[in-house]
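Let's walk through a protein model together, starting with the space inside it and ending where two chains meet. Keep the structure in view as you read.

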Amino acid sequence: MRVSFTLNGTVTQAEVPPGTTLMELLRGLGAVSVKDGCARGDCGSCAVLLDGRAVTACLLFAGQVEGRQVRTAEGLADEVGLHPLQQAVLDAGGVQCGFCTPGILMAAVDLLDRIPDPTEAQIREGLAGNLCRCTGYVKIVDGIRDAAAMLAATGRTTDGEEAGDG
Amino acid sequence: MPLTQIEQYHRPTDVDAAWHLVRDGGGAAVLLGGGTDLVVRCPPAVTALVDLSEVGLRYVEHSDDGGLRLGAMSTFTDLLEHPEVAAYGTGAVGEMLAQVGSVLHRNSATIGGHVVRSRLSDVLPVLLALDATVAVYTGEHAELPLANYLEGEQGPHVVTEVRLPPPIPGAAAAFVRFTRTTFDHSIVNGCCRVDVAEGAVVAARVVVGESSTVGRRLSAAEDALVGAPLTSEAVAAAADAARRTADLHGDWIASAAYRQHLAGVTVERCLTTVIDRLQGGGA
Ligand SMILES: Cc1cc2nc3c(=O)[nH]c(=O)nc-3n(C[C@H](O)[C@H](O)[C@H](O)COP(=O)(O)OP(=O)(O)OC[C@H]3O[C@@H](n4cnc5c(N)ncnc54)[C@H](O)[C@@H]3O)c2cc1C
C-alpha cells in the first residue's frame with residue numbers, strides 16, 4: 001500500500017506491505033533514530049511526534065499516519081546546529097550509550113510544548129514511558145530542565161519558532 | 001517484521017462502511033482504533049485492517065440530557081485535556097486517565113479500543129462506577145450499559161461512543177490504583193462513587209479490579225454504605241466487606257492475600273477522598 005505523509009517537514013510517499021508498523025516504515029526511510037527496542041510499547045525508544053504528540057511508533061501501523069505530520073529526532077537539528085534540547089541533554093551528561101536518547105528527546109518535545117517550564121515531577125511524568133538503562137535519569141532530567149530554561153531565555157519554541165502567538 | 005498476514009488496509013469514511021467491512025470479513029477483518037493493542041495482539045486469522053481514523057468518531061459532545069458523549073476514536077490524551085471529561089465524577093475520570101500508561105501511550109490509545117479489548121484496565125472500573133453506557137453500531141445504532149456490554153458476547157460491531165450520564169447532584173467519586181512503578185499495570189485498582197441525599201447514602205458503587213480482570217462491583221461493600229450517613233465507621237465496614245469479598249487472584253507480582261488486603265485499602269482510600277469531595281461541594 002502507498003502511504004503519504006509529511007516526515008520532518010518533507011512530503012513523503014512510501015510503498016509498504018499493509019502490515020508494516022510506523023517504526024518499520026520510518027527506519028526503512030532512513031530515520032534510524034527511531035530505535036527498535038521492545039516493539040511492544042514498553043521502552044519508548046521508538047517515540048516520534050505524530051501531529052505534535054509523542055507516540056510509540058512500534059504500536060502504530062504505517063497506514064495510520066496517512067496525511068499526517070511525523071517528526072523524528074532527525075528533524076530536531078537544523079543547519080546551524082543541534083536543537084537546544086539535544087545540546088542541553090548532551091551537556092548535562094544525559095547521553096551514555098545513546099539508544100534511548102532519540103525517544104527521550106521526542107517525549108521531551110511533547111512535554112515542553114505542553115509545559116514550557118516543567119517541575120522535576122512533571123519531567124519525570126513526561127518520561128514515564130521511556131526507559132534508560134544507563135543514566136539513572138538524573139542527568140536526563142537535568143538536561144531537559146536546562147533546555148526549558150534555554151528555550152525560555154531565547155524566546156523560542158521547540159520548533160525553533162518565536163514563542164508567543166502559539 | 002511487518003505483520004505479513006495483513007493483505008489489506010481499509011480506510012472507510014463512515015461507520016456503516018466500517019461495519020460492513022468487518023461483518024463481511026467474517027473474522028478476517030478487524031477494526032483498528034489506536035493500534036496499541038492490535039499491533040501486538042493481532043489474531044492470526046486476521047488479513048485485513050479497517051482503520052477507523054476517517055469515520056469521524058474523534059469528538060466529545062454533550063448529550064441532550066446533560067451527559068457527555070465520548071467518540072470512540074478519542075484518545076486518552078484528548079479526554080484528559082478536555083476539562084469537562086477530566087472533571088467528570090468529581091475528578092475521578094481525570095485522576096484515572098492521568099495514570100493510564102504513559103503519555104506516549106495515552107497519545108494513541110482510544111477509548112473505543114479500550115472497552116473492546118477489556119483487559120488490564122484502569123479505565124473500566126471508573127466507567128463502571130459512573131454507570132457509563134456504550135453506543136454500538138451493528139447496522140443500526142443501540143446503547144447498552146457498559147456492564148452488559150462487557151458480559152455479553154458481541155458479534156461484529158463498531159463501538160461508536162462511550163457515554164457518561166448527566167452528573168448526579170450530591171454524588172462524588174474517586175479512583176485509586178496500586179502499581180510497582182508509575183508505568184506498570186495495576187496490582188489492584190478501584191473506584192467508588194457515592195450518591196448522598198439528605199445526609200444519607202442513597203446509592204453506592206464499589207468497583208475493584210486487578211491486572212487480569214476488568215473490575216467488578218462488590219455488592220457487600222455497596223450494601224454496607226447505603227441507607228446511612230457516610231461516616232468513617234461506614235467506610236471501615238465497606239473496606240472490610242471489600243477485603244472479604246473481592247476474590248482476587250495471586251500471581252508473580254502479588255499473592256492473592258496481598259491483593260485482598262489491597263482491595264480493602266483501595267476502597268478505604270477512595271471513600272475517604274469521596275468524603276472530602278462531598279464536603280467540598282460534590283459534583
Ligand atoms: C505499553 C502499554 C501500557 C498500558 N498501560 C495501561 C494502563 O496503565 N492502564 C490501562 O488501563 N491500560 C493500559 N494499557 C492498555 C491500553 O489502554 C489499551 O491498549 C488501549 O486502550 C487500546 O486502545 P486502542 O485504540 O489502541 O485499541 P486497538 O489496538 O486499536 O484495538 C483493540 C481492540 O479493539 C478493537 N477496536 C478498536 N476500536 C474499536 C471500535 N471503535 N469498535 C469496535 N472495535 C474496536 C480492535 O479490533 C481490537 O480488537 C496499556 C497498553 C500498552 C501498550
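To sort residues by class, Ala, Val, Leu, Ile, Met, Phe, Trp, Tyr, Cys and Pro count as nonpolar, Asp, Glu, Lys and Arg as charged, and the others, Gly among them, as polar. With that in hand, the lining of the largest cavity divides into ten nonpolar residues, no polar and no charged ones. Among them are Leu70(B), Met96(B), Ile111(B) and Leu164(B). The most lining residues, three, come from α5(B); here helices are DSSP runs of H or I with at least four residues, and strands are runs of E with at least two, numbered from the N terminus.

This is a predicted model, where local features need pLDDT of at least 70, side-chain atom pairs count only at pLDDT 80 or more, and totals for chains, interfaces and linings use all residues. Residues are numbered from 1 along each chain as its sequence is written, chains are lettered from A and ligands numbered from 1 in the order in which they are written, and side-chain values use heavy atoms, leaving out hydrogens and water.

Now turn to the place where the chains meet. There, 28 residues of chain B are in contact (heavy atoms within 4.5 Å) with 32 residues of chain A. How many salt bridges (a side-chain nitrogen of Lys or Arg within 4 Å of a carboxyl oxygen of Asp or Glu) are there between chain B and chain A? The count is two. One salt bridge joins the side chains of Glu81(B) and Arg53(A), at 2.9 Å from N to O.

Conventions
On a 1 Å grid over the protein atoms alone, a cavity is a set of points where a 1.4 Å probe fits but cannot get out, and a pocket is an open set with protein on both sides within 12 Å along at least five of seven lines; lining residues have an atom within 4 Å of a point.
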